[in-house]
Amino acid sequence: MKDSWDQLQFGLRLGKRPQQVVTTTPRPLPLIRKLMNDPDTVMTRGRTYDNRDNLAAPFLKQVEEQYAGTRLGRQELDGEVLDEIPGALWQREKIDEFRKREAPPLDRIVVAIDPSITSKEDSDETGIVCVGMAKDKDGYARGYVLADRSVKGPPEQWARAAVALYKEFEADRIVAEKNQGGEMVEAVLRAVDRNVPITLVSATRGKVMRAEPISALYEQGRIHHVGQFNELEDQMCTFSQDYDRANGSPDRMDALVWGLTALFEKITARRRPRDEEKAAQPAYTLKDISGSSPSIYRGESDTSWMAG
């Protein structure tokens, strides 16, 4: 949305008084709020009922019965911009409260990927988010969101972006969901850099269930955004129990959840019998660029104790 808006502004570079008309369903997105607060913006509101004469009576009856008196009705029928979405797992106010200008020295850094396997015009983005972890003075682990480099494009493009981000932040590992693409996800990353450490993860629970433990960490003030990530934060603050896949996939948010889940594995992992847990741990072979024997990674890290 922001990219489209920025490009549109170039069409206003000529003339004495260029103007533009914007019509939209009012959602609490950063760009909408910015326009509303701009003193040069002339704002008018239109309620669904103001257009009653041009709408079918059965339609009006249906939406009134379904949405009248609800928060969604205030947005869709009355044209109000509401600051927060009821049931959203994240609140902008909370993210802003714990936002940081810079991160401390970090003990672990991972790049997380929620991949898209197609690159059509209507394809989803590939979420690519870098997160890190460090202990505070009291010994508690805190998470830091460092970058959002999500892209829309073919696998080769998002693989290059992810590996570049891994190198930029000197990350420890790339974590990628394999539900879409399977082993292809690892293959395209290896094609960019054969030595990058990769952990493939599978989604066995729904998005809401995966996101709830991470949302709880935000509520505790243990996750800090280092800078502003508007597109990511829009997805987070509009994601709720009523999430509808038809409205688009929150790929940036998914990547964030995968990354923080990898860092806070003790908190986010489901409890299973010890024997089952041991058997279920996947083994990944990591090529040692020094030429020595390959090492085996079993989903554990020397710093997993810091998630407590």
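Start with the salt bridges: a search of the whole structure turns up 12 of them. Keep in mind, as you click along, that this is a predicted model.

**Stop one: Glu233 and Arg99**

Select Glu233 and Arg99 and show their side chains. The two form a salt bridge, and their closest N and O atoms are 2.8 Å apart. Now colour the elements they belong to. Glu233 sits in helix α9 (residues 230–237), while Arg99 is in the loop between α5 and β1 (108–114), so this pair ties together parts that are 134 residues apart in sequence. Are these two residues buried or exposed? Both Glu233 and Arg99 are buried.

Asp96, Arg99 and Glu233 are linked in a network of salt bridges.

**Stop two: Arg252 and Glu125**

Next, pick Arg252 together with Glu125. Here is another salt bridge, with 2.8 Å between the closest N and O atoms. Arg252 belongs to helix α10 (residues 251–263) and Glu125 to the loop between β1 and β2 (127–135), so the pair ties together parts that are 127 residues apart in sequence.

Arg252 has a relative accessibility of 10%, so Arg252 counts as buried. Glu125 has 23%, and therefore counts as partly exposed. The cut-off behind these words is that buried means under 20% relative accessible area.

**Stop three: Asp193 and Lys167**

Now move to Asp193 and Lys167, whose side chains meet in a salt bridge (3.5 Å, N to O). Which parts of the chain does this pair tie together? Asp193 lies in the loop between α7 (183–192) and β5 (198–201), and Lys167 lies in helix α6 (residues 155–168), so the parts joined are 26 residues apart in sequence. With a relative accessible area of 15%, Asp193 is buried.

**Stop four: Trp90 and Tyr218**

How many aromatic pairs does a search of the whole structure find? The search finds 1. Select Trp90 and Tyr218 to see this edge-to-face pair: the distance is 5.9 Å centre to centre, with 90 degrees between the planes. Trp90 is in the loop between α4 (71–76) and α5 (92–97), and Tyr218 is in helix α8 (residues 207–219), so the pair ties together parts that are 128 residues apart in sequence.

Conventions: Residues numbered from 1 in each chain as written. Predicted model: local features only at pLDDT ≥ 70, side-chain atom pairs only at ≥ 80, totals over all residues. Heavy atoms only, no water. Phe/Tyr/Trp six-rings, centres within 6.5 Å; stacked < 30°, edge-to-face > 60°. Helix = DSSP H or I, 4+ residues; strand = E, 2+ residues; numbered from the N terminus. Salt bridge = Lys/Arg side-chain N within 4 Å of Asp/Glu carboxyl O. Buried < 20%, exposed > 50% of the residue type's maximum accessible area, 1.4 Å probe, protein only.
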